[in-house]
Amino acid sequence: MNNKTRPNEWYVSNFEKFESKLNGQSESFVHTIRKDAINRLNEMEFPTTRDEEWKYTNVAPLLKNDFLPTYSFENPKINSEDLRKYIFENFECDILVFVNGLFNDELSKVGKLPSGAVVDSLNNVIKNNPDLIKDKFNTLTKVQNAFNALNNAYGVDGAVIFIPDGIILERPIQLVYLGGNGTDKVLSLPRNLIIAGKNAQAKILANYAGYGDVPYFTNTVTEIFADESAIIDYYKTQHENTNSYHIDRTDINQKGKSVFSHTAFSFGGLLVRSDINSELEGEFMECNYYGLNLARENQHVDTHTFVDHAKPNCQSNELYKTILDDKARGVFSGKIMVRQDAQKTNAYQSNKAVLLSKTATIDSKPQLEIYADDVKCSHGATVGSLDEEAYMYIRSRGIPDDLAKSMLIRAFANDVVDNVKIEEVKEQLNHLIFEHLQRVEITDISKY
Amino acid sequence: MIKIKNLHANIDGKEILKGIDLEVKAGEVHAIMGPNGSGKSTLANVLAGNENFEVTEGEVIYEGKELLEMDPDVRAREGVFLAFQYPIEIPGITNATFLKTALNEIRKHKGEEEITAKGFLDLMKQKASILGMDPAMISRAVNVGFSGGEKKKNEIFQMLMLNPKLALLDETDSGLDIDALKVVSEGVNAFRNDKNAVLLVTHYQRLLNYIVPDYVHVLYKGRIIKSGGKDLALELEEKGYDWIKDEQLETESA
């Protein structure tokens, strides 16, 4: 099919060289996982459009590149002033910064935390307190495809957030992931782990951004554990360079009475794929997924979700919105599984897309698999253009076409943006919406 | 101010307006009355530029210009305002953002400078007080979570803020209780002066107790079949529309 060697070859053949640069890191328990992953990568093929889960997303253009793994390229020098371009500002938060998957201690800033709480890099935790994470690390994200294997094999660092039982983190945590070095085609492979104990609470903002304009590949894995009655708000923003690749796999395990919300904003990237999977392992819990995917020109943005209801009396709620312009392509696939035991499940899923041009396309695939008989489940998908009645209403006040459309875009995005519980971030997100769609910006002036 | 000549309009290929002639001068209030389906709302919407309606014949001269050739936003900047029968909710856009954007577009069109933050706030407070509205509503999203009555009030508030030359009120009284009706009427009466004009579309005479019109027109099957002074409205209230319909039939058969 392809006279070029398998895309795996490059990564498999470079592994020894990579391993030799790991120094002390090769002693840790993670290294066993690494070695296992490179063997898996050697055995597996990267997905193609013949795989049902990848039917609408062709990763062949991504795989044509031989991306340089960590330690085989120079990371850019970034000072705290440069960093301001990429981060969400004007609110108090702890910050961890990763540049191409490597922790940057100087740019990171973590204030005093409650006793027992840890907000640090994976490497530091492995060095100082491996027992904290040993029984959780890599237990949710079992290698399901070659991208996961690649992350496991070459991933060097990432964020660890550990919140002991009963602890509430007052300040949100901002995790900043910069991809690219401006010269080489590089790999950025963050590996993150969030563990929230019983009754623990936190707000976490994972912020993926691009440095320079040379294509790179962010392939990130995040595992999140929310123990009984924990409340975790996880926000993810992705504004990679529009010529770069972003593949994200996030797995969540929730225990009884916990509330977990995942709110994602996708702006940049040439090819973006996010898989979000939740196991609801307990009763009376709530799982919320919200997302806003924007794409223009030849961008491709794909979100796959899977919510697995294993026990009774849980609620899941998904709302995904997509705005596409030019020749952009969107994909949404949302699967809800309600197992036989999971009586009294409430599961909702809604997927709405607005196409700003005639050449944009979206594929939407909601799937309900229900084995219990006393449940409330619904799903719906709509595709259309901007609301015409509202368009007339706004213009009838003297507001010209371009501003009226921008207002409608802001209105459409609003019920996703509104789920962000950090006020200062909301307006910055609205700014990014207009910046990425290259539309006139509508800023809110009501707060004098 | 506005002169409508032989105006015909369709929606989905069906003719709704079948030759409207009407002139409204500055300082006047005209009431358009008529049974359901007679074309009252269509007239207001066509004048505002609603693109769901297709004008097939006729012309409208507004302040010496061809109104029908302007886009809806241009009409608004030229001073035409439509208070919607069913105001639209716009989540994520606050009343402040909405109105300040609109106001500045109108000012720019007139060659005026943008309004200052303080100027806007003062204007907003002054206009809100006429309608007894809580100025805090300015930071709420446009019409989101507003009751039917609040939405109608908000239309009149927008009218006061934007201060148009020609206000088209499309069944602003429908769904209002008597107290809200009085407040809305006070707003319209505060707006009236000898340089602007109001064309109000209503099904009931009730509103005209509070906003006294100079002229009343009866619209029936897409045509104005009777015009008169404010007493005509009272006569309609008393006798209903049937006597005019009968009169019309007699004229047609004569």
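Modeller: The largest nonpolar core has 197 residues, and the members that touch the most others are A:Ile161, A:Ile163, A:Ala196, A:Ile204 and B:Leu168. (A core here is a set of buried Ala, Val, Leu, Ile, Met, Phe, Trp, Tyr and Cys residues joined through C-beta atoms within 7 Å; buried means 20 or more other C-beta atoms within 10 Å of a residue's own, with C-beta atoms placed from the backbone.) Bear in mind that this is a predicted model: local features need pLDDT of at least 70 and side-chain atom pairs count only at 80 or more, while totals for chains, interfaces and linings use all residues. Residues are numbered from 1 along each chain as written, and chains are lettered from A and ligands numbered from 1 in the order written.

Start with A:Ile163. Leaving out residues up to four places away in sequence, A:Ile163 touches A:Ala117, A:Leu169, A:Ile195, A:Ala196, A:Gly197, A:Ala200 and A:Ala202, contact being C-beta atoms, placed from the backbone, within 7 Å. The element that gives the most to the core is helix H9 (401–417) of chain A, with ten residues; helices (H or I, at least four residues) and strands (E, at least two) are DSSP runs numbered from the N terminus. Domain 1 (7–281) and domain 2 (390–448) of chain A both supply members, so the core lies between them; those bounds come from an automatic or database assignment.

The C-alpha centres of these two domains of chain A are 30 Å apart. Their contact takes 14 residues from domain 1 and eleven from domain 2 of chain A. On the domain 1 side, strands E8 (201–210), E10 (231–239) and E12 (259–266) of chain A each give two or more residues.

Now over to chain B, where 28 residues are in contact with 25 of chain A. H3(B), residues 95–109, is among the elements supplying at least two residues of that side, and H3(B) gives the largest share, seven residues.

B:Leu168, one of the core members named above, sits in strand E9 (166–170) of chain B, where five of five residues are buried. B:Leu166, B:Leu168 and B:Asp170 point one way, and B:Ala167 and B:Leu169 the other. E9(B) pairs in the parallel sense with strand E6 (80–83) of chain B over four bridges, pairing needing at least two DSSP bridges, and B:Ala83 stands opposite B:Leu169. E9(B) also runs parallel to strand E10 (197–201) of chain B, joined by five bridges, with B:Leu166 opposite B:Ala197. From E9(B) the chain passes through helix H6 (178–191) of chain B to E10(B), a right-handed β-α-β crossover: with the strands pointing away from the viewer, the path from the first strand over the helix to the second runs clockwise.

Chain B has an open antiparallel sheet too, in the order E2-E1-E4-E5. Its edge strands, E2 (14–24) and E5 (65–66) of chain B, each pair on one side only. E5(B) meets strand E4 (53–62) of chain B over two antiparallel bridges, and B:Tyr62 stands opposite B:Lys65.

Last stop, helix H1 (40–48) of chain B: nine of its nine residues are buried, including B:Lys40, B:Leu43, B:Val46 and B:Leu47. After H1(B) comes B:Gly49, with a positive phi near 100°.

Definitions and conventions: Buried ≥ 20, exposed ≤ 12 C-beta atoms within 10 Å, placed from the backbone. Contact = placed C-beta atoms within 7 Å.
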